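Work through the exercises below with the structure in view. Each task is followed by a solution in steps.

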Amino acid sequence: MAAALIQAVDDRQPHLLRLPVQQGSASALEEVRYALGSRHIRAGSVVLEAGRWPLRLPELRQLQELLAPLRLDLIRVAGDHPETLVAAAALGLEIDPGPPQTIAAPAPAVVASDLLVHRGTLRSGDHLQAEGSVLLLGDVNPGARISAAGNVLVWGRLRGIAHAGVAGDRNARIVALQLRPLQLRIADMVARGPEGLPPPGLAEQALLVDGEIRIDPAAPDFSG
Amino acid sequence: MDAVTSAPARIILICSGKGGVGKTTLTANLGIALARLGERTVVLDADFGLRNLDLLLGLENRIVYTAQEVLAETCRLEQALVKHKQEPNLALLPAGNPRMLEWLTPEDMQRIVAMVAERADYVLIDCPAGIEDGFKNAAAAAREAIVITTPEVSAVRDADRVIGLLNTRGVAPVQLVLNRVRPRMMASQEMLGVDDVTDILALPLVGLVVEDEQVIVSTNRGEPLTLNGNGSPAAKAYQNIARRLRGEDIPLEDPSKARKGLRARLMNKIRKTTGLF
């Protein structure tokens, strides 16, 4: 994966320059040069997400020089490597050490091994079952069922029946962009879905708390 | 009519899952409407256990042979096709005799539809209710489908199931007709709204048919509404569906909203002309 430049949607936000996970022999600068390519980028400020790259003073300077002709101004550096942060601070840039513990690295490995991803809407009568966790990109219509030994994640509206922790995992949860199921089941507990529409734009999750199924806004750090 | 065949026939299944939502009425009216637009149309009654497409078209007394005899080669296809009196572009093919429930298989259906398709622009298959063998037979030969439903939870639920089955069979495109719409009840939210239905079914809407007493009258008389073109709202809706199927761009209006608009416009007019309020 190469470096990525994520352009700002308006003038007030900085562009985001994200370095890839370090591998091979390419230097950070080569990655950035590749990402910039011959694209036309609106002049403005840039935030560098360096990840685990160790960037020293000269490298950051070179990066600034590379951005200067494009009228892009490096203002902040985020990263995990102390060397990078020290160098950035020495150049008078803002620094952002990022979250103390990396969430991205260990999580995908675990999730990828037993996550079933299904694209499409489950219609009445359909039943999607998963041995691990399941991620549905679509709706679960009334009359349809989705069940998993692990978590049930619905990137869409959940209006049918959802069962997480089929094999008895009481820590399993059900997450949906719109959680309005006919019935919810976690392990051996059953609950009817809530009535009325949820507040818009808020994902919700159901989990077992003290032996009862409770629905809360989904935690933003949730990762499978 | 020219014997030159151009595009392959469109073979459209008309189904709903639930019974009594208007499959047969839609098939009959759509058949007439398409025929009137100059399309050679064959309507096939796949609901041969309880067939009544012939009743709606007023052709009951003219059926001599059925698809069954054609497949058994005891008659030619032309003999089994019942031409409509007033609308020669339309022909009915009854699938079989109500007493012979066993004979039809999906392969039979594919064979007969392929024969019919050679001499038609449109083949409309009137599907029986349910999702068992009758549905499987009828769906076997269809390329595309129209799912018809009413704004009721049970009809929508069954339609959803049918759409799922059609998707797994690779029938596409599947379009939606919403039947027996009561604009006033929709506006007052006593009935499922158009959005509620399309929200669940997630299909392109090809027609909205308002509840219309004329449908009952025409059904009993054996003359589809689109035949005499008496301008009733339902007749208009069926004609529009036919034209949309042919690719014409006719905007769909949500009647529960259109009605409000009309009333508002009338009130405005009264206000202007009288200067009363």
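**Exercise 1.** State how many helices and strands chain A has.

Solution. Chain A has four helices and 16 strands. Helices (H or I, at least four residues) and strands (E, at least two) are DSSP runs, numbered from the N terminus. The model is predicted: local features need pLDDT of at least 70, side-chain atom pairs count only at pLDDT 80 or more, and totals for chains, interfaces and linings use all residues. Residues are numbered from 1 along each chain as its sequence is written, chains are lettered from A and ligands numbered from 1 in written order, and side-chain values use heavy atoms, without hydrogens and water.

**Exercise 2.** Describe how helix α1 (residues 28–36) and helix α2 (residues 57–67) of chain A are arranged.

Solution. Step one: their axes, lines fitted to C-alpha atoms over the stretch in contact, come within 10 Å and cross at roughly 15°. Step two: α1(A) is therefore roughly parallel to α2(A), a label for angles under 35 degrees between N-to-C directions, on a scale from 0 to 180 degrees.

**Exercise 3.** Find the setting of E73(B) and say whether E73(B) is buried or exposed.

Solution. Step one: E73(B) lies in the loop between α3 (67–71) and α4 (77–80) of chain B. Step two: its phi is near 60°, positive in a residue other than glycine. Step three: E73(B) is exposed, with a relative accessible area of 68%; exposed means over 50%, buried under 20%, and partly exposed in between, with a 1.4 Å probe and protein chains only.

Terms used. Parallel < 35°, antiparallel > 145°, perpendicular 65-115°, else oblique.
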